[in-house]
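User: I would like to learn how to read a few features of a model, one at a time. Please give the general idea where there is one, then the case at hand.

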Amino acid sequence: DLRQAKKDGAVVLDLRSPAMFGAGHYPGSLNIGLGSPSFSTWTGFMVPGGKAIALVVGSAEEAKKARLELARIGFDNLLGYVKADALTETRKLAQTSVQDLKASLKNDGPLLLDVRTPTEWKGEHIEGARHIPLSTFGKQLPDLPNDRPIAIICGSGYRSSIATSMLQARGYERVENVTGGMAAFTEAEQ
């Protein structure tokens, strides 16, 4: 049913944490974790209104909570849900630590994409990073090279997981989410 829903144009929304999503998710799904108070806000930015949505959840309780949160923003075209442990077809999404990111940046590593807000970017950013706020991804995905690895960072790893899942769903094979985000990166410099 999930495969057919995706083929018919439904958005598959995986509500689990970035780490759980990275360990194995339905191919082409979008990771917007239900654990964040910004879940419905980011869903509103990233998913076109009126689009059918199928949920991937850790539990039936999460599906119930998501249904309520999405209804509050007018997203009521939910097809249903599947528990993540019932998925028969999965794909992984690389999660990289800030230590590994730092090491790779010393050796002409990945393109580093920072998806934080302009204010966060102005306050502090990693030299050489490319800044594209996540809020712009909902309108149009950025044009990025697909011939080199892309590491995506935000403040904590939540927004970067959204961006990384979107890029992977659009055919970018070598993408990785930076766990802990700039908070961990800054802490690791101390």
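Analyst: This is a predicted model.

User: Where does aspartate 108 lie?

Analyst: Aspartate 108 sits in the loop that runs between helix H5 (98-106) and strand S6 (111-114). Its phi is near 50°, which is a positive value in a residue other than glycine.

User: How many helices and strands does the protein chain have?

Analyst: The protein chain has eight helices and nine strands. Its radius of gyration is 16 Å, close to the 16 Å that the globule rule gives for 190 residues, so the chain is as compact as a globular protein of that length. The C-alpha trace spans about 45 × 30 × 30 Å along its principal axes.

User: What share of the residues counts as buried, and what share of the contacts joins residues at least 24 apart?

Analyst: Buried residues make up 49% of the 190 in the protein chain. For contacts between residues at least 6 apart in sequence, 69% join residues at least 24 apart. As for the surface, the protein chain exposes about 9500 Å², and 49% of that is supplied by carbon and sulfur atoms.

User: Now the pockets. How much space lies in the largest pocket, and which residues lie nearest its centre?

Analyst: The general idea is that rolling a probe the size of a water molecule over the atoms shows where empty space is left. Here, the largest pocket holds about 380 Å³ of space. Its lining has 22 residues, and those nearest the centre are Val11, Leu30, Met46, Met166 and Arg170. Strand S1 (11-14), helix H3 (39-46) and helix H7 (158-169) are the elements that give two or more residues to this lining. H7 gives the most, with three residues. Sorted by class, the lining has twelve nonpolar, six polar and four charged residues.

User: What is the volume of the second largest pocket, and which element supplies the largest share of its lining?

Analyst: The second largest pocket has a volume of about 260 Å³. Of the 14 residues in its lining, Asp1, Leu2, Arg3, Val82 and Leu87 lie nearest the centre. Helix H1 (2-7) and strand S4 (78-83) each supply at least two lining residues, and S4 has the largest share, four residues. By class, this lining divides into nine nonpolar, two polar and three charged residues.

Note on methods. Residues numbered from 1 in each chain as written. Predicted model: local features only at pLDDT ≥ 70, side-chain atom pairs only at ≥ 80, totals over all residues. Heavy atoms only, no water. 1 Å grid on protein atoms, 1.4 Å probe; cavity = no way out; pocket = protein on both sides within 12 Å on 5 of 7 lines; lining within 4 Å. Points joined across faces, edges and corners; volume = space filled by probe spheres on them. Nonpolar A, V, L, I, M, F, W, Y, C, P; charged D, E, K, R; others polar. Rg over C-alpha atoms; globule rule 2.2 N^0.38 Å. Buried < 20%, exposed > 50% of the residue type's maximum accessible area, 1.4 Å probe, protein only. Contact = heavy atoms within 4.5 Å. Areas by Shrake-Rupley, 256 points an atom, 1.4 Å probe, with all protein chains shown as cover.
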